[in-house]
Amino acid sequence: MERGFAGFSAAVTYGLVVMVVGAAPAWAEPLSVDAVHSTVLFRIKHLNTSYAWGRFNDISGTLNLEGSKPVVEVQIKTDSIDTGNAKREQHLKSPDFFNAKQFSSIAFRSTRIEKSSDGKYVVDGTLSLHGVQKPINVQLERTGSGKNQQGTAITGFETSFRIKRSDYGMKFLLEGLSDEVLLVVSLECAAQ
Amino acid sequence: MFTVNDLWAGVARPLVLTAATVVIAAHITRRRFTARDSRSWAGPLAVGIGFAGGYWSLFGWGGFPPLDASEWLLFLTLPLVILGTLDSLLHVGLPGTLLTTVVAAPSAMLLLSWPLVKSHDTFQPDALLLTVVASALTVGWIVAMDALAARVSAARLSAILLVAAAPASVALGLSGSQRLAQIGGALAATQAGAMVAHLGLGHAGVGRGSMLVSGVLYAGLLLCGHVYAQLTLVNAVLLFAAPAVAWAAQIPGHRFDGRKRWVTQLAAVAAVAGWAMLRAILEFNVEATNY
């Protein structure tokens with residue numbers, strides 16, 4: 001009897017140790033981007049005067065930052081651009097800017113991920129926008145982790161970076177809308 | 001947004017380039033060709049130079065192959081000018097015109113709509129059907145307008161295209177793409193330049209051959225407006241059909257004299273193109289908030 005109890009307690013202890021020490025944190029496992037709770041914002045200067053903000057509503061992707069094959073992949077549907085003005089959105093989707101019919105998505109795929117400090121990563125990758133692929137470098141920061149209503153582990157990440165739209169062949173109205181665009185990407189990711 | 005610079009680059013420059021090309025070509029070849037031929041052969045070349053010059057002034061050359069499918073409009077100009085000039089110089093007649101048109105128009109339409117025809121690595125039947133229909137209509141349009149060109153002066157033919165292309169430019173601008181509107185403005189300006197030059201040279205010139213250049217560029221522009229911007233199908237068809245309405249004044253039995261025929265043709269074309277422009281204005285006003 002004593003021997004049986006000792007065996008049971010050893011098993012429980014081993015299990016607890018594995019859970020506390022050995023279990024990988026949520027962000028170290030493959031994660032899927034939750035489109036509802038993720039945001040891609042852009043900011044552009046209008047007539048060299050004020051900043052106009054817009055967003056993309058259709059986001060998807062996967063992240064695996066500390067696994068054996070670390071990767072960050074994000075896709076954005078160009079057609080989901082949202083600026084709060086339907087006519088402006090129509091213009092932005094036209095060949096003047098995104099040409100959403102021809103270039104239906106914006107994509108980022110990492111080529112190298114390096115952990116710089118706790119919760120911070122340096123991510124090199126390729127941004128595909130308007131049919132042009134260019135290497136970019138972003139600083140990705142883990143903003144928190146927890147559980148959603150379904151009990152699934154979730155983790156948040158954020159990054160912001162600037163691009164020149166002319167580098168991606170979007171050269172129309174450069175005198176009216178700035179070349180430099182700030183992008184703010186906030187992702188809420190759930191374990192797959 | 002149209003600035004003074006845009007108007008200079010996209011309207012004045014193509015107008016001047018086209019007019020100058022027609023006049024210089026006529027002057028250079030006046031002893032070698034007949035009066036009519038010397039004033040006519042450079043029509044396609046003039047439209048091509050004017051259009052390419054205006055496009056370059058507005059947007060630069062871009063890269064090759066172009067990123068945006070609509071940028072093919074610039075690169076299509078060179079082969080169209082070569083084919084059109086051959087047509088104009090060699091007097092190839094209906095079979096020759098038909099052959100060059102059957103090759104040029106579908107090739108151009110397919111290039112312009114290719115990203116939609118072959119999207120996500122599969123052929124899209126709707127886009128393919130639209131391209132086939134647009135190609136067939138463009139072939140018919142060019143043959144019909146080429147036949148009209150044999151019956152009216154080059155100046156009048158340019159005026160007919162001008163009163164269709166100018167409203168088309170406005171409609172495109174109101175349908176979501178100022179860039180396509182500016183390209184339409186440049187095309188309209190080439191017709192204005194050709195009209196001014198031919199009026200100055202006298203009525204002997206004919207516009208055969210230039211229909212291939214103007215027709216494919218015009219149809220291609222409207223196709224781009226419909227598939228890549230928000231030009232409605234009805235407005236695109238109205239604008240496309242407008243120049244062909246000029247045939248109305250050529251119907252046998254209508255006894256219009258020269259001046260009355262000018263006015264009738266231009267009014268008919270302007271009415272149809274203007275209708276499309278008015279529709280675009282009304283649609284814009286319904287949708288527009290403070291943009």
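In this predicted model, 19 residues of chain A are in contact with 21 residues of chain B. Helix α2 of chain A, residues 86-93, supplies the largest share of chain A's side, with 5 residues. By residue type, that side of chain A holds 10 polar, 5 nonpolar and 4 charged residues.

Chain A has 2 helices and 11 strands. Chain B has 11 helices and 2 strands. Read from the N terminus, chain A runs α-β-β-β-β-β-β-α-β-β-β-β-β. In the corresponding reading, chain B runs α-α-α-α-α-β-β-α-α-α-α-α-α.

Of the 192 residues in chain A, 27% are buried. In chain B, buried residues make up 56% of 291. Contacts were also sorted by separation along the sequence. In chain A, 52% of the contacts with a separation of 6 or more join residues 24 or more positions apart. In chain B, 81% of the contacts between residues at least 6 apart join residues at least 24 apart.

The overall dimensions of chain B were then examined. Its C-alpha atoms fill a box of roughly 55 × 40 × 40 Å along the principal axes. A compact globule of 291 residues would have a radius of gyration near 19 Å. Chain B has 18 Å, which agrees with a compact globule.

Within chain B, helix α3 covers residues 43-59. At 1.5 Å a residue, its 17 residues should span 24 Å. Just after α3(B) comes B:G60, with a positive phi of about 75°. The loop between α3 and α4 of chain B also holds B:P65. The peptide bond from B:F64 to B:P65 is cis, and its omega is near -5°.

Helix α6 of chain B covers residues 125-149. Its 25 residues should span 36 Å at 1.5 Å a residue. The end C-alpha atoms of α6(B) lie 35 Å apart, which agrees. Several residues of α6(B) are buried, among them B:T131, B:A134, B:S135, B:T138 and B:V139. Further along α6(B), the buried residues include B:W141, B:I142, B:M145, B:D146, B:L148 and B:A149. An α-helix has 3.6 residues a turn, so residues three or four places apart point the same way. The cover over the buried residues of α6(B) includes α5, α7, α9 and α10 of chain B.

Two of these covering helices also meet each other. The axes of helix α9 (residues 210-227) and helix α10 (residues 233-241) of chain B come within 10 Å. They cross at roughly 175°. Angles over 145 degrees count as roughly antiparallel, so α9(B) and α10(B) are roughly antiparallel. On the α9(B) side, the contact is made by B:A219, B:L222, B:G225 and B:H226. On the α10(B) side, it is made by B:L233, B:A236, B:L239 and B:F240. The residues of this contact divide into 6 nonpolar and 2 polar, with no charged residue.

Helix α5 of chain B contains B:S107. This residue counts as partly exposed, because it has 14 C-beta neighbours inside 10 Å. B:S107 and B:L239 are 132 residues apart along the chain. Their C-alpha atoms are separated by 21 Å.

In chain A, the loop between β2 (39-46) and β3 (50-56) was examined for its backbone angles. A:L47 lies in this loop. A:L47 has a positive phi of about 50°, although it is not a glycine. With 12 other C-beta atoms within 10 Å, A:L47 is exposed. A:N48 is placed in the loop between β2 and β3 as well. Phi of A:N48 is near 55°, again a positive value in a residue other than glycine. A:N48 has 9 C-beta neighbours inside 10 Å and so counts as exposed.

Notes: Residues numbered from 1 in each chain as written. Chains lettered and ligands numbered in written order. Predicted model: local features only at pLDDT ≥ 70, side-chain atom pairs only at ≥ 80, totals over all residues. Contact = placed C-beta atoms within 7 Å. Helix = DSSP H or I, 4+ residues; strand = E, 2+ residues; numbered from the N terminus. Nonpolar A, V, L, I, M, F, W, Y, C, P; charged D, E, K, R; others polar. Rg over C-alpha atoms; globule rule 2.2 N^0.38 Å. Buried ≥ 20, exposed ≤ 12 C-beta atoms within 10 Å, placed from the backbone. Axes fitted to C-alpha atoms, helices over the stretch in contact; angles between N-to-C directions. Parallel < 35°, antiparallel > 145°, perpendicular 65-115°, else oblique. Expected span 1.5 Å × (residues − 1).
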